[in-house]
Amino acid sequence: MNRHTIRRTLENVLIALSDDNRSLINQRPYEDLPPLDIEDVNRIYSAVASVFGADNVLIFGGAALQRYCQHKPKDVDLIVNGDIAANIENLSSRGFTGVNEKTLKVFFNSKVYESGYPINGNKIKVEYYSPEGLLGKNDDFRDVMKISKESDYRGLKIHYADPYTLSMLKYRAWKNRLANGRADKDLIDLEKAGIFYNKTNDPQYQKLLGAYTPGMFSRLKSIFSETVHILHQNYLRQKQRV
């Protein structure tokens, strides 16, 4: 780990702890890739849907947030109601590369696979999540799909998360996200989009609002997340040199 990185991290720690406005620390870009437009995401969705069927694929994360605001995602997160492991060859035949199960997972109880997909000479990361362990204990994938939003792409229905589902998934990501240095990214995303689920008598909504209030815990979590990320990146660099 170089001195510049350590100094920058310490500066962020001091700024976050001394911030009178209790704002979140600034987040840095997580991928050095150009942003995806909706057409790019639709192409990826179409390719995955050709394997599992459009009724078994749901866009969430930043690629879903893009449908509500000017957010520009750099990867695509999908909930897939199907057996990814049994369809690796089918995905590969449709242009997806390096389909593998992730060992470091954001949502600890969901099976997560990732792959690359070529767009304009760039390898775009696509992540596939199982509904089990990702959705709430009492949530069923079919019920989530019934309230999902839709758009049309060349005669194919593109399904993306409704505001409530998107908010809940972002909240769960915030609770679990540590290793990639963006612990508060999900809170910032929905705050900027202004698409909070607005059923004020819902206890889940009240919990969500509490999470979106910047405070000492959220800042400390971001600091810890940033530190874990730097240490992990340094470990990977050292490992590559061996």
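Trainee: What makes the charged end of Arg67 one that sits over the ring of Tyr160?

Mentor: The charged end of Arg67 lies 5.4 Å from the centre of the Tyr160 ring, and the rule asks for NZ of Lys or CZ of Arg within 6 Å of the ring centre and within 35 degrees of the ring normal. This is a predicted model, in which local features need pLDDT of at least 70 and side-chain atom pairs count only at pLDDT 80 or more, while totals for chains, interfaces and linings use all residues. Residues are numbered from 1 along each chain as its sequence is written, and side-chain values use heavy atoms, with hydrogens and water left out.

Trainee: Why is the pair of Phe96 and Tyr117 called tilted?

Mentor: Rings of Phe, Tyr and Trp (its six-membered ring) pair if their centres lie within 6.5 Å, with planes under 30 degrees apart called stacked, over 60 edge-to-face and the rest tilted. Phe96 and Tyr117 are 4.6 Å apart, centre to centre, with 45° between the planes, and this pair is one of four aromatic pairs in the structure.

Trainee: What makes the pair of Phe96 and Tyr128 edge-to-face?

Mentor: Their planes stand at 70° and their ring centres are 6.2 Å apart, so the pair is edge-to-face. Phe96 lies in the loop between H4 and S3 and Tyr128 in strand S5 (residues 122-129), so parts that are 32 residues apart in sequence are tied together; helices (H or I, at least four residues) and strands (E, at least two) are DSSP runs numbered from the N terminus. Ring pairs link Phe96, Tyr117 and Tyr128 into a cluster.

Trainee: How do you know whether Phe96 and Tyr117 are buried or exposed?

Mentor: Buried means under 20% relative accessible area, exposed over 50% and partly exposed in between (1.4 Å probe, protein chains only). Phe96 has 2% and Tyr117 has 10%, so both values are under the 20% limit and both residues count as buried.

Trainee: How do you know what span helix H2 should have?

Mentor: The expected span is 1.5 Å times one less than the number of residues, so the 15 residues of H2 (residues 38-52) should span 21 Å, and the end C-alpha atoms, 20 Å apart, agree with that. Just after H2, Gly53 takes a positive phi of about 95°.

Trainee: What makes Glu39 and Arg154 a salt bridge?

Mentor: A salt bridge is a side-chain nitrogen of Lys or Arg within 4 Å of a carboxyl oxygen of Asp or Glu, and the closest N and O atoms of Glu39 and Arg154 are 3.8 Å apart. The pair links helix H2 with the loop between strand S6 (149-153) and strand S7 (156-160), 115 residues apart. Glu39, with a relative accessible area of 36%, is partly exposed, whereas Arg154, at 71%, counts as exposed.

Trainee: What makes Lys102, Lys125 and Glu127 a network?

Mentor: Salt bridges link these residues: Glu127 meets Lys102 with the closest N and O atoms 2.7 Å apart, and Lys125 meets Glu127 at 3.8 Å, N to O. Glu127, at 5% relative accessibility, counts as buried, as does Lys102 at 15%, while Lys125, at 26%, counts as partly exposed. By the same rule the count comes to five salt bridges.
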